[in-house]
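Please read the following briefing alongside the sequence and the coordinates shown here. It is arranged by topic, with each group of points meant to be followed on the structure itself.

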Amino acid sequence: MLEIHNLTKNYNQGADVVEVLKGLELVVQEGEHVAILGPSGSGKSTFLSLISGLDRPTEGRIQLAGINFTNLNQKALTQFRARHIGIVFQQFHLLSNLTALENVKLPLLIAGVSDQEKKSEKLLERVGLGHRMHHFPNQMSGGENQRVAIARALIHEPSLLLADEPSGNLDNEIGKRVMDLLFEVVKEKKSTLLLVTHNEELAKRCQRRVYLKNGRLDS
Ligand code: ADP
Ligand code: MG
């Protein structure tokens, strides 16, 4: 379903070249849940940003649903992402001038599907935010914003969900409930999940764990 071959990412830092990912190989089956662990700065977020198509690899190939999307142009890539991929960012990246409901609705708007309003309301209720639909991100707590981010990532039922430390900003009780919900929806939609986390409990809920260290993946 997801095939990653020789994935390499270098950053130029002045005259220096920082080699973050050094030829990663990974094959993930459809519907599989994979936890990505690794020390801070090991390149976990970089890895997800490449798989999401938000950043381009220096070298290598990422194939999703039979399409090598590293070759797509920007417009095609944006459309591909809108159809197939959901992302929960470490820092939420909600749009500050849109309400919770509008943020969640956005992927449906881009994908041009029907019943945008109703679907978005339903999912927001499901993450316990029925009473916050018309609030803006700066009128909500960190945990509430995180739940909006999760709802936005799942609203278009992506075949691939990428989540970067999604429990990082949640207190234990709410965090656990939201993660339960994330796994519940992911299973229901048979989405493939790549979950970056430093939380062993959370990692154990995935069928497979891989470790990123010194630019390489270990299982
Ligand atoms: P992690 O998510 O595992 O903590 P990151 O992927 O955020 O790690 O970062 C991996 C390494 O790449 C770090 O050393 C970081 O400083 C470097 N890095 C990330 N983004 C950039 C960038 N845009 N330019 C230069 N270096 C970067
Ligand atoms: Mg990170």
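Predicted model: local features only at pLDDT ≥ 70, side-chain atom pairs only at ≥ 80, totals over all residues.

Y11 has V18 of strand 2 as its bridge partner, and this pair belongs to an antiparallel arrangement in which 10 bridges join strand 1 (residues 2–13) to strand 2 (residues 16–28).

- Six strands form an open sheet with mixed pairing, in the order 6-7-8-3-9-10, and its edges are strand 6 (85–88) and strand 10 (216–218), each of which pairs on one side only.
- Neighbouring strands of this sheet are turned against each other by 20° on average, with direction ignored.
- At one end of the order, strand 9 (residues 208–213) and strand 10 are antiparallel and share three bridges, with D218 in strand 10 as the bridge partner of Y211.
- Helix 2 (residues 74–84) packs on the sheet, where it touches strand 6 and strand 7 (160–164), and its direction makes about 80° with that of strand 6.
- Helix 5 (residues 142–154) likewise lies across strand 6 and strand 7, but it runs at about 170° to strand 6.

**Helices 3 and 4**

- In helix 3 (residues 100–111), the buried residues are A100, L101, N103, V104, K105, P107 and L108, and they pack against helix 4 (116–126) and helix 5.
- After helix 3 comes G112, which has a positive phi near 65°.
- Which residues of helix 4 are buried? They are Q116, S120, L123 and L124, and because they cover an arc of only 100° around the axis, they lie on the same side of helix 4.
- K118 and K122 are exposed on the other side of helix 4, whereas the buried residues of helix 4 are covered by elements that include helix 3 and helix 5.
- Helix 4 is followed by G128, whose phi is positive, near 80°.

**Nonpolar cores**

- The largest nonpolar core has 36 residues, and L124, V148 and L161 are those with the most contacts inside it.
- Two or more residues of this core come from each of strand 3, helix 3, helix 4, helix 5, strand 7, helix 6 (172–188), strand 8 (192–196) and helix 7 (200–204), and helix 6 gives the largest share, seven residues.
- Leaving aside residues up to four places away in sequence, L124 touches A100, L101, V104, L129, G130, M133 and V148; among these, A100, L101 and V104 are buried residues of helix 3.
- A second, separate core has 28 residues, including L7, L64, I87 and L162.
- As general background, nonpolar side chains in soluble globular proteins tend to be buried together.

- Is H33 buried or exposed? H33, which is found in strand 3 (residues 33–37), counts as buried because its relative accessibility is 4%, under the 20% limit for that class.
- Beyond residues up to four places away in sequence, the contacts of H33 are with F183, V186, K187, S191, L193, C206, Q207 and R208.

- Most residues other than glycine have a negative phi.
- F92 is not a glycine, yet it has a positive phi of about 65°; F92 is placed in the loop between strand 6 and helix 3, and it counts as buried because its relative accessibility is 14%.
- H93 is not a glycine either and has a positive phi of about 55°; its place is also in the loop between strand 6 and helix 3, but H93 counts as partly exposed because its relative accessibility is 47%.

Definitions and conventions. Residues numbered from 1 in each chain as written. Chains lettered and ligands numbered in written order. Heavy atoms only, no water. Pairing = 2+ DSSP bridges. Helix = DSSP H or I, 4+ residues; strand = E, 2+ residues; numbered from the N terminus. Axes fitted to C-alpha atoms, helices over the stretch in contact; angles between N-to-C directions. Contact = heavy atoms within 4.5 Å. Buried < 20%, exposed > 50% of the residue type's maximum accessible area, 1.4 Å probe, protein only. Core = buried A, V, L, I, M, F, W, Y, C linked by side-chain atoms within 4.5 Å. Arc of directions from axis to C-beta.
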